[in-house]
Amino acid sequence: MSDQPTAPSAQSTAQQGATGSNQPELIPAPFTGDEQGDDLDGTDNDSALGDDAASSTNSLTASILEYRTIKGRTYHSEKHESKYFAPNDEQQMHSQDITHHYLTIMLDDKLFLAPVKDDMEASKVLDVGTGTGADVGDQYPKAEVTGTDLSPTQPLWVPPNVKFEIDDCTKEWTWPSNTFDFIHIRYLFGAIADWTALFRQAFRCCKPGGWVQSCECDVVMCSDDDSIKEDSVINTFWNPLWKELGKKLGLSFQVLEERLQNKGFEEAGFVDITEVNYKLPIGGWPLDPKLAEIGTLTLLTMINDLEGYTLVPWNIVHGESTPGYQETLAYLRKELRSKSVHAYMKVRYVYGRKPENA
């Protein structure tokens, strides 16, 4: 096991443009009751969630639907070279939907921070790694929205101004230069080996004067009050898991710590680069009501599919036949639910503009 990765500071200085956060200070609420007071009950599959159903672009053929299956969970087709660590099945899609919800609350019910036109009339928008989402098309009916992902996980009904394409964003993008007014990229950690190459593709496909925004999360958990103990499962299993996984896959899960978004935007040629940082609490322990709601949803995201997030990483780092996986997850769930553990992760938004003369 490696030592715990060092998390970046909550506020860092961008090399270009502005940096900051509108977030209230993350302070635990006064603790009362059972030290292990659960925010949630149940296993990963929480019943409260309900039952919802050389070119980079591929047509929707049977080969794309030939998913890999690992211990009953499905993963993106082997037709893609990308071996993304998370599943693409319904249980994971529930977690992605909850993630979208807590990020929207974090941004005060906005979908993004980049200063695009209010109604985006006649704008072309690209949503990279869209998951199940069609919200941009819903909120901006005058925009033409293209959503991309490795699997066809989108709902059957979408707004008429939205279309989806099966696409691997690590390949050469097939859209012509200067196509999109706004490109939205979110939560690609664990999928990208070369962030500068990704943002150079976005720069080429963005229109002069258009904007690109990236939102990423460092999944290493922190606490400001030392409530994550040195011998905790968070510290001995969860945090080292992602650093070791990154080494084995040849990519980084410390996107914020290594400032990969910022460096990529700068090297791609964007201007007016702005960085906004947030702390993402895990559990309903914060004193601030909004942060407590976000934390409760973040915990729900994780508890809903802790196995989905960790199964492939465990197999890669520790070996599929190594015992103790389910026992480790049980201890981790207990720590995450504990009101006495004030854990959080860090989220960073970076956005920039393509120069008019580019």
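Let's start with Ser 223. Leaving aside its neighbours within four places in sequence, Ser 223 is in contact with Ile 228, His 342 and Tyr 344. Before we go on, remember that this is a predicted model.

Where does Ser 223 sit in the chain? Look at the loop between β9, residues 206-222, and α4, residues 233-249. Ser 223 is in that loop. Is Ser 223 buried or exposed? Its relative accessible area is 19%. Buried means under 20%, so Ser 223 counts as buried.

Now the side chain of Ser 223. A polar atom of that side chain lies 3.3 Å from the backbone nitrogen of Ser 227. The side chain also reaches the backbone nitrogen of Ile 228, at 3.4 Å. Ile 228 was in the contact list for Ser 223 too.

Next, His 342, another name from that list. His 342 is in the loop between α8, residues 325-337, and β11, residues 344-353. His 342 is buried, because its relative accessibility is 12%. What does His 342 touch, leaving aside neighbours within four places in sequence? The contacts are Pro 28, Cys 222, Ser 223, Asp 225, Ser 227 and Trp 285. One more distance here. His 342 and Ile 282 are 60 residues apart along the chain, yet their C-alpha atoms are separated by 7.3 Å.

On to charges. Side chains of opposite charge can pair when their charged atoms come close. How many salt bridges does a search of the whole structure find? The count is nine. I will show you three of them.

Take Lys 290 and Asp 108. They form a salt bridge, and the closest N and O atoms are 2.5 Å apart. This pair links distant parts of the chain, 182 residues apart. Lys 290 is in helix α6, residues 289-304. Asp 108 is in the loop between α1, residues 90-106, and β5, residues 124-128. Lys 290 is partly exposed, at 27% relative accessibility. Asp 108 is exposed, because its relative accessible area is 52% and exposed means over 50%.

Now Lys 207 and Asp 181. Here the closest N and O atoms of the salt bridge are 3.4 Å apart. Lys 207 is in strand β9, and Asp 181 is in strand β8, residues 180-186. The two are 26 residues apart, and this pair also links distant parts of the chain. Lys 207 is partly exposed at 27%. Asp 181 is partly exposed at 23%.

Last pair: Glu 275 and Arg 259. Their salt bridge has its closest N and O atoms 3.1 Å apart. Glu 275 lies in strand β10, residues 271-281, and Arg 259 lies in the loop between α4 and α5, residues 260-268, so the pair ties together parts that are 16 residues apart in sequence. Are these two buried or exposed? Glu 275 is buried, at 1% relative accessibility. Arg 259 is buried as well, at 16%.

To recap: Ser 223 and His 342 are in contact. Ser 223 is buried, and His 342 is buried. The whole structure has nine salt bridges, and one of them joins Lys 290 to Asp 108 across 182 residues of sequence.

Conventions:
Residues numbered from 1 in each chain as written. Predicted model: local features only at pLDDT ≥ 70, side-chain atom pairs only at ≥ 80, totals over all residues. Heavy atoms only, no water. Helix = DSSP H or I, 4+ residues; strand = E, 2+ residues; numbered from the N terminus. Buried < 20%, exposed > 50% of the residue type's maximum accessible area, 1.4 Å probe, protein only. Polar contact = N/O pair within 3.5 Å; in protein donor to acceptor, adjacent residues only side chain to side chain. Contact = heavy atoms within 4.5 Å. Salt bridge = Lys/Arg side-chain N within 4 Å of Asp/Glu carboxyl O.
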